[in-house]
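Try each task yourself before reading the solution.

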Amino acid sequence: MATHISSIETSISRLNETAYGTARASGDDYRRILNDAQTVATREIATQNDAGYDNGSDLPSETWNTTISTDVTLTPDLCFEDIGFLLKDALGGYAVSGPDGGLYTHVFTGQNMASSRQLPSRTILKKLGGLGLYLYRSCVNTQWSISCPEKIGRLKTSFQYMGQGYYAIDPASYASPAVVADREYAYAPQAKIFLNQNGEGTSQVETATAAGTITGAGNATVVVTGANISGSPITLSVAVANTDTASAWAAKVRTAIRANKAISEQFACTGSGTSIILTDRRKRANDGTLNISLDNGTCTGITTAASSANTTAGVVGDEAAYSCALENWSIGGSNPPADPGYRICSEFVTADNPQSGQYRSELLCGARTLTFDFTARLESGDKMQGWLTEGAECTLLIPILGRDTADKSLIITHNKARVTQANPMTGAGGDFIGITGQCELLSTSGDIGLTCTLVNAVASYSS
């Protein structure tokens with residue numbers, strides 16, 4: 001019976017390979033990735049032959065491989081649990097902290113290519129129905145994007161990989177894993193776009209400090225007030241346990257604040273130990289009403305703190321903000337293979353057999369690019385066209401918050417963006433006046449200022 005494309009299954013190793021050229025061991029845990037396109041991997045082979053040699057014929061008598069590579073494209077919808085695997089491959093730099101109230105903070109940054117031009121490699125599995133399970137090892141990211149193609153629906157991603165060409169069919173002890181039902185997807189209305197001219201404005205910071213050990217279990221009462229918070233003041237009831245120290249119940253308060261979407265849409269909640277910190281996601285005028293109060297509700301032991309400290313006053317910045325007016329956007333980059341001078345050759349997997357797969361011992365990264373594009377309704381006073389004319393440098397902020405609560409989030413920032421396109425346009429049928437904008441994301445003294453901060457319940461993407 002023929003195999004239909006609906007039988008295709010794609011999985012990736014949860015851990016990166018320990019070294020390029022070594023597939024993850026069969027005992028490793030693999031995770032199914034749900035592509036929005038059912039595609040097979042392609043194995044590209046370039047050959048030469050002896051046509052024109054004095055072999056006694058006008059046809060070649062022999063062919064041989066010169067290069068072999070595997071190309072795999074992963075196009076899953078943006079999932080707060082899965083995106084960490086892919087961002088780690090695309091950017092290379094990674095650190096994790098936590099747990100803080102049961103949540104972990106994962107920070108992905110651009111790899112320092114002065115130390116190594118080898119991005120992390122990952123083993124990818126493709127099950128083609130009854131045809132077999134194909135293993136492709138040492139797959140390295142060459143291009144990536146996170147995008148919002150329209151105003152509704154899920155956010156999309158695309159991560160392209162190149163492997164060394166090695167593959168195995170139905171390797172022993174490998175299996176295609178089942179789909180795990182722990183995924184939360186991000187939708188278009190959950191993302192917003194903010195561009196600020198560098199050097200303009202300051203984000204307001206408010207800090208509350210927890211004090212007192214819980215002597216009677218119950219609920220703490222936390223009231224967050226702010227002029228820019230919808231529904232303010234917002235009262236949160238936070239469950240605390242007997243003997244919780246100030247640091248312990250402060251972590252629970254931070255979790256409760258992050259989970260409130262009205263607050264988290266406007267402020268990032270951070271802190272450690274007894275600190276509970278709100279930082280404005282935008283650079284707005286100082287809000288004298290911003291406050292976090294801490295008190296006993298049905299619990300006992302909290303030292304009442306009716307007022308928090310205005311740690312940093314807010315200062316209005318030169319900003320362009322897009323939310324409901326946003327039609328579509330895309331951020332991404334390329335990690336092309338380095339030029340031949342950087343490639344180190346290696347032995348074939350089977351001696352003297354150029355068809356057996358491996359033809360290099362690494363896949364080094366060449367000159368990277370990062371860009372951001374968007375289309376939105378053109379509002380009066382829009383800053384983009386002026387920034388284009390001035391050659392202004394801006395900070396890019398893309399907060400993507402969880403759908404029902406904000407306890408999961410992906411915050412994308414870049415600290416040096418140059419506007420390269422800002423053109424007025426009309427929509428389909430001339431139903432709106434819009435603007436197409438493009439920013440080139442630049443480096444600062446060789447450092448790539450792109451940072452992707454992911455908060456979820458995954459303990460680590462490295463272990």
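**Exercise 1. Decide whether Ala95 is buried, partly exposed or exposed, and list what Ala95 contacts beyond its sequence neighbours.**

Solution. This is a predicted model, so please read every value below as computed from it.
Step 1: locate the residue. Ala95 belongs to strand S5, residues 92-100.
Step 2: take its relative accessible area, which is 43%. Buried would need under 20% and exposed over 50%, so Ala95 counts as partly exposed.
Step 3: set aside neighbours within four places in sequence; Ala95 then contacts Thr105, His106 and Val107.
Step 4: check a separation. Ala95 and Ala46 are 49 residues apart along the chain, and their C-alpha atoms are separated by 39 Å.

**Exercise 2. Now try Ser145: buried or exposed?**

Solution. 
Step 1: Ser145 sits in strand S8, which covers residues 133-148.
Step 2: its relative accessibility is 18%. The cut-off for buried is under 20%, so Ser145 counts as buried.
Step 3: look at the surroundings. Beyond four places in sequence, Ser145 contacts Lys156, Thr157, Ser158 and Phe159, along with Ser330, Ile331 and Gly332.

**Exercise 3. Explain why helix H1 can be called largely enclosed.**

Solution. 
Step 1: find the helix at residues 83-91.
Step 2: go through its residues. Ile83, Gly84, Phe85, Leu86 and Leu87 are buried, and so are Lys88, Asp89, Ala90 and Leu91.
Step 3: draw the conclusion. Because nine of the nine residues are buried, H1 is largely enclosed by the rest of the structure.
Step 4: look just past the end of H1, where Gly92 has a positive phi of about 95 degrees.

**Exercise 4. Describe how strand S11 is covered and which strands pair with S11.**

Solution. 
Step 1: five of the five residues in S11 (residues 193-197) are buried.
Step 2: look at one partner. S11 pairs antiparallel with S19 (residues 319-322) over four bridges, and Phe194 stands opposite Ala321.
Step 3: look at another partner. S22 (residues 393-401) also pairs antiparallel with S11 over four bridges, and here Gln197 stands opposite Cys394.

**Exercise 5. Classify the ring pair of Phe108 and Tyr461, and say which parts of the chain the pair ties together.**

Solution. 
Step 1: the structure has eleven aromatic pairs. In the pair of Phe108 and Tyr461, the centres are 6.2 Å apart and the planes make 55 degrees, which is classed as tilted.
Step 2: Phe108 is in strand S6 (residues 103-110) and Tyr461 is in the segment after strand S27 (450-456), so the pair ties together parts 353 residues apart in sequence.
Step 3: both Phe108 and Tyr461 are buried.
Step 4: widen the view. Ring pairs join Phe85, Tyr94, Phe108 and Tyr461 into a cluster.
Step 5: look for charges over rings. The charged end of Arg137 is over the ring of Tyr166, 3.9 Å from the centre, and that of Arg154 is over the ring of Tyr185 at 3.8 Å.

**Exercise 6. Find which residues have the most contacts inside the largest nonpolar core.**

Solution. 
Step 1: this core has 59 residues, and those with the most contacts inside it are Ile146, Trp329, Ile331, Phe372, Met384, Ile400 and Leu410.
Step 2: follow one of them. Beyond four places in sequence, the residues that Ile146 touches include Leu78, Ile83, Leu87, Trp329, Ile331, Leu410 and Ile412.
Step 3: note a second, separate core of 27 residues, with Ile214, Trp249, Ile263 and Cys269 among them.

Conventions:
Residues are numbered from 1 along each chain as its sequence is written. This is a predicted model: local features need pLDDT of at least 70, side-chain atom pairs count only at pLDDT 80 or more; totals for chains, interfaces and linings use all residues. Side-chain values use heavy atoms; hydrogens and water are left out. Buried means under 20% relative accessible area, exposed over 50%, partly exposed in between (1.4 Å probe, protein chains only). Helices (H or I, at least four residues) and strands (E, at least two) are DSSP runs, numbered from the N terminus. Contact means heavy atoms within 4.5 Å. Rings of Phe, Tyr and Trp (its six-membered ring) pair if their centres lie within 6.5 Å; planes under 30 degrees apart count as stacked, over 60 as edge-to-face and the rest as tilted. A charge sits over a ring if NZ of Lys or CZ of Arg is within 6 Å of the ring centre and within 35 degrees of the ring normal. Two strands pair if DSSP finds at least two bridges between them. A nonpolar core is a set of buried Ala, Val, Leu, Ile, Met, Phe, Trp, Tyr and Cys residues joined through side-chain atoms within 4.5 Å.
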